[in-house]
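Morning, everyone. Let me put the structure up, and then we'll walk through some helices and the packing.

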Amino acid sequence: MHGEYKVPGGKLVVVDLAVEGGRIAAFRLAGDFFLEPDEALEAIDAAVVGLPADTNAAELATAIRAGLPEGAVLLGFSPEGVATAIRRAIGRAADWHDFDWRLVHPGPFAPALHLALDEVLTNEVGAGRRPPTLRIWEWDRPAVVIGSFQSLRNEVDREAAERFGIDVVRRVSGGGAMFMEAGSVVTYSLYAPGDLVRGMSFAESYAYLDDWVLQALRSLGIEATYQPLNDISSPAGKIGGAAQKRLGSGAVLHHVTMSYDMDGDKMVQVLRIGREKMSDKGTVSAAKRVDPLRKQTGLSRAAIIERMEQVFTTLTGATAGSLTDAELAAAEELVRTKFTTREWLERVP
């Protein structure tokens, strides 16, 4: 069995192993990481051999750490990274290159249609009717998108939203509220088979699925890092956040919004939680909490998205795609029956 795991912001961990009598055998670790002293590699191999094949990732990491010689230095990887690669090998996880990816960049669409498309396209990928896909969003109006489990009244000042002409919608994934205006954010969704993140914890899958965009941002001169559980950040401040949902089809919906530009004053008027957090600091501090890509790069939003698409295509081999009439029709129906209904928006009042 063969497993690979690219540590986000780190190195590639590769494992080969067999399972005999329900236990791990013939284990070998490799990769482009750094490890001192040399004998630490054999120590890791020895720590893994003989463990039950159903040992979970946390227990694997503990065994590996206990087996390391005193003073061992691991650079670019960790016992947890090795454990994840092992679980992916035993679970026969897939890699980015095992799929025929599509890149779609349609729109602009209304906020509710974007959310409906997320549900439709994830289900289509899970059913095998659509290949795994990256979709770049374009907006036709401003919106506040709240998480699946957030309280509407606690998060949003509805009067302020109406005054500014801002749609308020609820997505299917968890996480926090996002303030979005056309041209001021960069949002994308990944619709991926569950096999891509097999063997990973939820926390690991967040970082793994966004490693490509960190590479794109770094190529633009941004020291982008992933801050658990779901933030993309830099030394200058937070850039954006991710949310994720595993649907019944087995597919993974993973979407991210990054701030290109922002109106901190308007955001604090519309988002109640943001207002409370910043009540003693003022709106200037509110804007500093999220550091927009425009300020960090000096580039247009279109140029940043173009670089993201280039990096994703290079890393995955993705080809250009489009939405089908059937997918759009299904999403429009979900807009009508779910995403614009009072029952959905106010399901957590």
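Start with helix α7, residues 202-209. In α7, Glu 204, Ser 205, Tyr 206, Ala 207, Tyr 208 and Leu 209 are buried, meaning under 20% relative accessible area with a 1.4 Å probe, protein chains only. That is six of its eight residues, so α7 is largely enclosed by the rest of the structure. Helices here are DSSP runs of H or I, at least four residues, numbered from the N terminus.

Some ground rules. This is a predicted model, where local features need pLDDT of at least 70, side-chain atom pairs count only at pLDDT 80 or more, and totals for chains, interfaces and linings use all residues. Residues are numbered from 1 along each chain as its sequence is written, and side-chain values use heavy atoms, with hydrogens and water left out.

Next, the cores. A nonpolar core is a set of buried Ala, Val, Leu, Ile, Met, Phe, Trp, Tyr and Cys residues joined through side-chain atoms within 4.5 Å. The largest has 68 residues, and Ile 86 and Met 258 touch the most other members. Helix α3, residues 79-90, gives the most to this core: six residues.

What does Ile 86 contact, leaving aside neighbours within four places in sequence? Val 15, Leu 17, Ile 24, Phe 27, Val 48, Leu 60 and Ile 64. Contact means heavy atoms within 4.5 Å. A second, separate core has 27 residues, including Leu 115 and Phe 339.

The contact between α1 and α2 uses Ala 43, Ile 44, Ala 47 and Val 48 of α1, and Ala 63, Ile 64 and Gly 67 of α2.

Notes: Helix = DSSP H or I, 4+ residues; strand = E, 2+ residues; numbered from the N terminus. Buried < 20%, exposed > 50% of the residue type's maximum accessible area, 1.4 Å probe, protein only.
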